[in-house]
Amino acid sequence: MDGPPAPAIDTRGLTKRFRGGQFAVRGLDLTVPRGSVFGFLGPNGSGKTTTIRMLLGLIEPTSGGARVLGEPMPRAARQVLPRVGALIEGPALYGFLTGRENLLRYDAADPTADPATRTARVGAALERVGLGAASAKKARVYSLGMKQRLGLARALLRPRELLVLDEPTNGLDPQGMREIRTLVREVAAEGTTVFLSSHLLDEIEQVCTHAAVMSRGELVVQGEVAELSAGARGRLAVTTPDVADAVRVLKEHGLTDVGADADRVTGELPQPAADVAELNAALVAAGVRVRAFGTERASLEDAFVALTGEGFDVAG
Amino acid sequence: MSRAEADVATGTDAGAGAPAAGAGPAAETPGTPEGSGTPTASRTARALWSLGLFRGELRIVFRRWRTAALLGVLAAIPVLVGIAVKFQTRGDRQGAGDGPAFIADVTNNGLFLVFTSLAVTLPFFLPMAVGVVAGDSVAGEANAGTLRYLLVAPAGRTRLLLTKYATVLVFCGVATLVVALAALATGAALFPFGDVTLISGQTVSLGDGLLRALAIAGVVAVSLVGIAALGLFVSTLTDSAIAAMATTVGVLLTVQILGAVPQLHAVQPYLFPHYWMSFADLLRAPAIGSAIARNAGLQALYAAVFVSAAWARLTTRDVTA
Ligand SMILES: Nc1ncnc2c1ncn2[C@@H]1O[C@H](COP(=O)(O)OP(=O)(O)OP(=O)(O)O)[C@@H](O)[C@H]1O
Ligand SMILES: [Mg+2]
């Protein structure tokens, strides 16, 4: 057990094919380092929830396997799952029970949860997600965002080593989204690994240290967020009356996808990144009168489009 | 096969293996400020592991409006029967020979309303109520999505199933008691109480009669064990609570119809309602136990078969709802 700790999640060739259907997840090799905030990205239907269900032992992989917190799943479910908090495809609640009673029920389902501290832990979890005041209301009358918060509270009933959150900001208002991000950072700061699925790219960019991108059930890329967005090339934009010359010079310096309209020329910077100051000097030396000159940093979305060669759309 | 084995291990060990789960990983958990990591706390947790879930199950069954409605209907039946008997005997006495068992004795002794009510509700109303609760038990949770959260808690598939079955059995007992108590109260309000004349002709004291009524309620509750297991099994087959409840009740009706077709007498002894009316044997002196024992045996057989089937299904099933 010495040496570096096992990854929080480690899958090898994880594959799921639903009865009579196409592959929902295919040959997934995913490694989530301990202590990371890991964004699991992909368009609708790309297999995120299916992967999460396999990780948590809810569905059996067709082939391949997964280790969660170093233990094989689903074989070691009863040792692993008490250390994992989860939100899977939205919260599910007993409408005829109050928020507090819902959490008591779920906590009692965990045979390793101490009944003596149950009430206190439930109260703390409710406070943590801002539901303290609404805890005595029936869950039936909760708004979508309140239900989502209660689902998060359930995931936080005990200190966890791993938090698996499937689209946690679904249904939340901007304030609620901010609170979730704060919560995720807080939990991560305590040493919990957070595995977060989403199709909101900027959400991932804001909180995640690592990310993986799924497309049609297959893993496209995984790595640190900084590396991923660095991988996508930025664009250079020049505003000038001498459009034709500018285009020529920029092409000579290796820019691709160079386009021009009226008085603006844009192009994709070459890789490895050229020194843009040199480019500016070259333009001026060629007699191009430059009115404005700047680069647009690549976002994770550019990275995604670059990687998949497609938009962020649902695969059929 | 490997899936079944893996899940079996997960489920079965949830109880027996709880010590390991309680002491091992929880103690290793970095930053576990609360008590679950300490040996004493985990021992307490172990002692109460099943009780907490069981109490939760009871709560979600009996806190539900639908359960109250079912029990309300069951309680209303003895009242209606009692009123009908009272009303009819005032008018003409012609129908005294027909109707459900013991109904002719009710006017002389209110205690017989208990026997009549159980005889009236046992063929359909009681098993139907049990079928609704059992059919909903797993499918209802799958329907609402709460099943996945119970499983990742992790409740353990075997532990959850057994807890659910135990809860349905509690409902069988409660439903029977509701009928019996409503009948007792109605009988006491509308008719005289006194010594009880048995089927075999002897007369026993009212106290003896009450004891026999209690024993009969027990036998009736045991009669529901089979349909409870059947409903539980159907409940593991689908994610639709309505479909599970309807199927269970449909099976009950079909079996009751098959039981009434004379040409099928060869299979009838294997149908779960076959010995249901055996409870009347407790109103003889000496009480005859053979049919009652055969009833209990048949119910146990159904319970064993269908709980096993439910277990095989739930422990290998993909939970996608
Ligand atoms: N129970 C099921 N039976 C058959 N196919 C399924 C089932 N569940 C999911 N699928 C299929 O598997 C694929 C992946 O679905 P999944 O729910 O994992 O996507 P997702 O990435 O979570 O999408 P979203 O962003 O919309 O939540 C889809 O094509 C879906 O149709
Ligand atoms: Mg999903």
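1. The shell around ligand 1 is made up of 8 polar, 3 nonpolar and 2 charged residues. The model is a predicted one, and the points below should be read accordingly.

2. In total, 13 residues surround ligand 1. The closest of them are A:Asn44, A:Gly45, A:Lys48, A:Thr49 and A:Thr50. Chains A and B both supply residues around ligand 1, and the site is therefore shared between chains.

3. With regard to secondary structure, helix H1 of chain A, spanning residues 48-55, provides the largest share of the shell around ligand 1, namely 3 residues.

4. A:Thr50 has a polar side-chain atom 2.5 Å from an oxygen atom of ligand 1. For A:Lys48, a polar side-chain atom lies 2.7 Å from an oxygen atom of the ligand. In the case of A:Asn44, an N or O atom of the side chain is 2.9 Å from an oxygen atom of ligand 1. On its own, ligand 1 has 640 Å² of accessible area, of which the protein covers 62%.

5. How many disulfides does a search of the whole structure find? Over all chains, the number is 0.

6. A:Cys208 has 8% relative accessibility and so counts as buried, the cut-off being under 20%. B:Cys172 is likewise counted as buried, because its relative accessibility is 1%.

Conventions:
Residues numbered from 1 in each chain as written. Chains lettered and ligands numbered in written order. Predicted model: local features only at pLDDT ≥ 70, side-chain atom pairs only at ≥ 80, totals over all residues. Heavy atoms only, no water. Near = heavy atom within 4 Å. Polar contact = N/O pair within 3.5 Å; in protein donor to acceptor, adjacent residues only side chain to side chain. Areas by Shrake-Rupley, 256 points an atom, 1.4 Å probe, with all protein chains shown as cover. Helix = DSSP H or I, 4+ residues; strand = E, 2+ residues; numbered from the N terminus. Nonpolar A, V, L, I, M, F, W, Y, C, P; charged D, E, K, R; others polar. Disulfide = S-S within 2.5 Å. Buried < 20%, exposed > 50% of the residue type's maximum accessible area, 1.4 Å probe, protein only.
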